[in-house]
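Here are my notes on the model you sent. Please read them with the structure open.

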Amino acid sequence: MVLDPGDRSLPTGFAPEVPAGRAVAPKDAATVMLVRDGSAGLEVFLQKRVKGMAFAAGMTVFPGGGVDPRDADVSVSWHGPEPDWWAQRFGCTPETARALVCAAVRETFEESGVLLAGPDAATLVGDTGHYAAARAALVARDLSLAEFLAGEGLVLRADLLRPWSNWVTPEGEPRRYDTRFFLAAMPTGQQADGSTSEAVEAYWATPRQALADFADGRCHLLPPTRVTLEELAEHGGTGTALEAERTLAKIIPKLVQRDGRWHVLLPGEPGFEEAK
């Protein structure tokens, strides 16, 4: 579905903060769409970020965040597609791919309490509440993912993640991220929560419900989140979403000025190629 650029106008007074020709280099980041099957079909876990955040303040998002250098630790016990496989999907080095998968698992645990790891390659942890202290230490960067998993005798379950898309923050933004989007089914026996200082609200919704909330002004969505929700809305359940064949290419929107307001323009939309 092609979105109407007029629906993505940025707040009044917004202006790119980086002079032309001096774009900030994007940092690697990972985002995970946790999905489950509800009575109305596929549901996805969403969080509304606090208004004081430096990036995406007040926006409704999926759990995720930037890569920590320690996410590249090769000592992590790992089950699933190897870093080389992920590197081919995301167009990066195996070292970066390893860090992205580890960041996806770590950030999901930090922000939602959902842990994609288990005692062995065939099992997953159940209630993660007894890892609360470790979760807090991960958030504080007092503990690395590798140290946490090793200390608890856990294996990272890369096989539970699926590559979905790759979005890069437009030039002109002071904080830019090269974000890889992952999909994962909500583990049985675990609970997703909003126990993070980065969110004021956390909830499950069907993609269509979330999009309707956006259309009615009840929530705010960045273009990658909105497009991803539209893509997820095409799937009736977690099974078809997890099995979907995805072609991953970097999507780099552009900021364009129209009628005194700045808008986000996506590749393929009228005027994108001409936009500077």
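The points below go from the whole chain to strands, helices and single residues.

1. **Overall.** This is a predicted model. The chain has 276 residues, and 51% of them count as buried. Its secondary structure comes to seven helices and 13 strands. Take the contacts between residues at least 6 apart in sequence: 71% of these join residues at least 24 apart.

2. **Strand β1 and its partners.** Strand β1 covers residues 27-38 and pairs with β9 in the parallel sense, over nine bridges. Ala30 stands opposite Arg180 of β9, and Val35 stands opposite Ala185 of β9. β1 also pairs with strand β2, residues 41-49, this time antiparallel and over four bridges. Here Asp37 faces Leu42 of β2 as its opposite residue. The link from β1 to β2 is a hairpin through two residues. Strand β4, residues 64-66, also runs antiparallel to β1, and three bridges join the two. In that pairing Ala29 stands opposite Gly66 of β4.

3. **Strand β9.** β9 runs from residue 177 to 185. Besides the parallel pairing with β1, β9 pairs antiparallel with strand β8, residues 161-168, over seven bridges. Ser165 is the residue opposite Phe181 of β9. How covered is β9? Mostly: seven of its nine residues are buried. As background, strands of a sheet pair through backbone hydrogen bonds, either parallel or antiparallel.

4. **Arg180.** Is this arginine, Arg180, buried or exposed? Its relative accessible area is 2%, under the 20% cut-off, so Arg180 counts as buried. Arg180 sits in strand β9. Which residues does Arg180 contact, leaving aside neighbours within four places in sequence? The list is Asp28, Ala29, Ala30, Thr31, Phe90, Cys92, Leu100, Ser165, Asn166 and Lys250. Select Arg180 and display Asp28 and Lys250, both among its contacts.

5. **The three-stranded sheet.** An open sheet of three strands has the order β5-β7-β6, with mixed pairing. β5 (78-79) and β6 (117-118) are its edge strands, and each pairs on one side only. β5 pairs with strand β7, residues 155-157, in the parallel sense over two bridges. His79 has Arg157 of β7 as its bridge partner.

6. **Helices α1 and α2.** Helix α1 spans residues 83-90; its axis and that of α2 come within 8 Å and cross at roughly 95°. The range for roughly perpendicular is 65 to 115 degrees, so α1 is roughly perpendicular to α2. From α1 the contact takes Pro83, Asp84, Trp86 and Ala87; from α2 it takes Pro94, Ala97, Arg98 and Val101. What classes of residue make up the contact of α1 with α2? Six are nonpolar, none is polar and two are charged.

7. **Helices α2 and α3.** Helix α2 (residues 94-112) packs with helix α3 (residues 132-139) at about 115°, and the axes are 9 Å apart. That makes α2 roughly perpendicular to α3. The crossing of α2 and α3 is left-handed. Arg106, Phe109, Glu110, Glu111 and Ser112 of α2 make the contact with Arg135, Leu138 and Val139 of α3. By class, the contact of α2 with α3 has three nonpolar, one polar and four charged residues.

8. **Arg141.** One backbone angle deserves a look. Arg141 has a positive phi of about 65°, although Arg141 is not a glycine. Most residues other than glycine have a negative phi. Where does Arg141 lie? Arg141 is in the loop between α3 and α4 (145-152). Its relative accessibility is 32%, which falls between the 20% and 50% cut-offs, so Arg141 counts as partly exposed. Compare the other arginine discussed above: Arg180 is buried, at 2%.

Technical notes: Residues are numbered from 1 along each chain as its sequence is written. This is a predicted model: local features need pLDDT of at least 70, side-chain atom pairs count only at pLDDT 80 or more; totals for chains, interfaces and linings use all residues. Side-chain values use heavy atoms; hydrogens and water are left out. Axes are lines fitted to C-alpha atoms, for helices over the stretch in contact, and angles run from 0 to 180 degrees between N-to-C directions. Angles under 35 degrees count as roughly parallel, over 145 as roughly antiparallel, 65 to 115 as roughly perpendicular and the rest as oblique. A crossing is left-handed if the near helix is turned anticlockwise from the far one by less than a right angle, and right-handed if clockwise. Contact means heavy atoms within 4.5 Å. Ala, Val, Leu, Ile, Met, Phe, Trp, Tyr, Cys and Pro count as nonpolar, Asp, Glu, Lys and Arg as charged, and the others, Gly among them, as polar. Buried means under 20% relative accessible area, exposed over 50%, partly exposed in between (1.4 Å probe, protein chains only). Two strands pair if DSSP finds at least two bridges between them.
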